[in-house]
Amino acid sequence: MGDPVRKARILVIDHDPAVRALITTRLLLAGHECVEVENAGEAEARLKSQSFSLVLSALHLPDRSGLDLLKEVQQRSPHVPFVICTSEGDVQTAVESMKLGAADYLLKPVQLDLMVGSVEKALQSEQSKIELEGYQSNLEETVERRTRQLHTAIRRIEYTYDETLAALGGALELRDIETQGHSRRVTHYCLEMARAIHCSHEDLRAIARGSFLHDLGKIGIPDAILLKPDSLTPEETILMHTHVRIGYELVCRIAFLTPAAQIVLTHHERWDGTGYPQGLRGKEIPVGARIFAIADALDAITSDRPYRAAASIEAARDEVERESGHQFDPELVQVFLQIPEAFWRKIRREATERPQLALAGLAEAFGKPESFLEYLH
Ligand SMILES: [Fe+2]
Ligand SMILES: [Fe+2]
C-alpha cells in the first residue's frame, strides 16, 4: 500500500480527437500507455479484447451516455476505475456518476496536471484495494488453516486423555478385584438404555465417559477400606462415600469431560432423595446418573460377591422393578424392563469373556458401526 503507481494502460474515450490527443499525450508523458477511441461501441469492443487499468471517458458520447458505459464497466470489470470528464453544466450528472461508482470526475476543459493527479489517485486506490483484498483472503486462509490445526490438536489431546482415562479405569479394576469388568459392563448397559430413550450423540458420549469413570475416585480411598472384606464402620462408610467427590474433582478439571463429571458426582444419588452426596431427588438427578443407577444395580446383582453368589438377570429385573420410584426413576425402569433379558446376558458375556475387546466391543454388542472409542471421543 502507498507504493508509487505502476505504469498503467488507460482507455481514453472522447468524440473530439483534439481532446483525446491532449489527454493521451499528457498521460504518455506521465509514463502511462493509452488507447484512444471515440465512442462507447468502440470502447466496449476494446474492453472485450484487451485489459485496461483505468477508463477515462467523456460523459457525452456520440452513441451512448458515459454513465451507461460506466455501469457496464462496473459489471464486467469491477476492478477497473472509471474517471468521467464532463462540462460545467453537467456537474449534477457527474455527481450521479460518482454515486454509481466512478472514481472521480474532471471538468472540461480538462486541466491536464489535475487529470494526471486524479488518474493516479484512482489507480493507487484500486491497487490498495486489491492488496487489501489479497491480505484479507490470505488472512482468512491462515485463520482457516490454523483452526483446522487446532481442531486436530484438540482431537489428539482428547484421544490421549481418553486413553489415559481408560488406563486409569483399568488400573482401578486391577486394584478392586470385586469389580473386574464392572466399569465396562455398566458402560455398555447404560448406553443401551440411553439409546432406547433416544439420547443425543453428545449425551451418549457423556454417558459413556461418565459411567466408565464413575468410580475413578476410589483411587483416593485407602486399600484398608476399599478392599475390606467385612462391612464398613460408619466412619469408613463416610470416607468411602467421598469417592464420588474425588472422582468429580479429577474429571471436571478436564473441560471436555465436564458433562461426564456430573455422572461421576451423582452416580450414587437415588430417585427418592436418600442417596449421596447431595441427596438430589427425582429429575434433579442428571438423566445419565439415573440410567447409571439401574445399570449399576443390574451389574451388582448379577456379579459374584465374597458373601454371596451372583443372582440371575431375572432376579435383577425383579429387584429393579421393586425399587421403581424408590431408588430408580420409574420411567427408566420401564425402559429397562422392555429390553430383552438375552440382551443383557450377551453384553455381560462379551464384556467379561473378551476384555481385550472391552473398548471396541460396543460395535458388536450393539450391531452398530460405531466403536466404543467413538463415544469416548
Ligand atoms: Fe461408586
Ligand atoms: Fe460402581
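I looked up the second largest pocket in this predicted model and found about 230 Å³ of space in it. A pocket is an open set of points on a 1 Å grid over the protein atoms alone, where a 1.4 Å probe fits, with protein on both sides within 12 Å along at least five of seven lines; lining residues have an atom within 4 Å of a point. A volume is the space filled by probe spheres set on the points, which are joined across faces, edges and corners. The lining counts 13 residues, with Arg6, Ala8, Ser53, Leu123 and Gln127 nearest the centre.

I then turned to the largest pocket, which holds about 950 Å³. Among its 34 lining residues, Lys218, Met240, His268, Arg305 and Tyr307 are the closest to its centre.

Next I checked the iron ion (ligand 1). Its protein donors (N, O and S atoms within 2.8 Å of the metal, or 3.2 Å for Na, K and Ca; water is not among the atoms, so sites may look incomplete) are Asp215 (OD), His243 (NE2), His267 (NE2) and His268 (NE2), at 2.1 to 2.3 Å. The iron ion (ligand 2) lies 4.2 Å from the iron ion (ligand 1), and Asp215 coordinates both.

I also noted accessibility (buried is under 20% relative accessible area, exposed over 50%, partly exposed in between; 1.4 Å probe, protein chains only). Asp215 is buried at 7%, whereas His268 is partly exposed at 24%.

For the record, local features need pLDDT of at least 70 and side-chain atom pairs 80 or more, while totals for chains, interfaces and linings use all residues. Residues are numbered from 1 along each chain as its sequence is written, chains are lettered from A and ligands numbered from 1 in the order written, and side-chain values use heavy atoms, without hydrogens and water.
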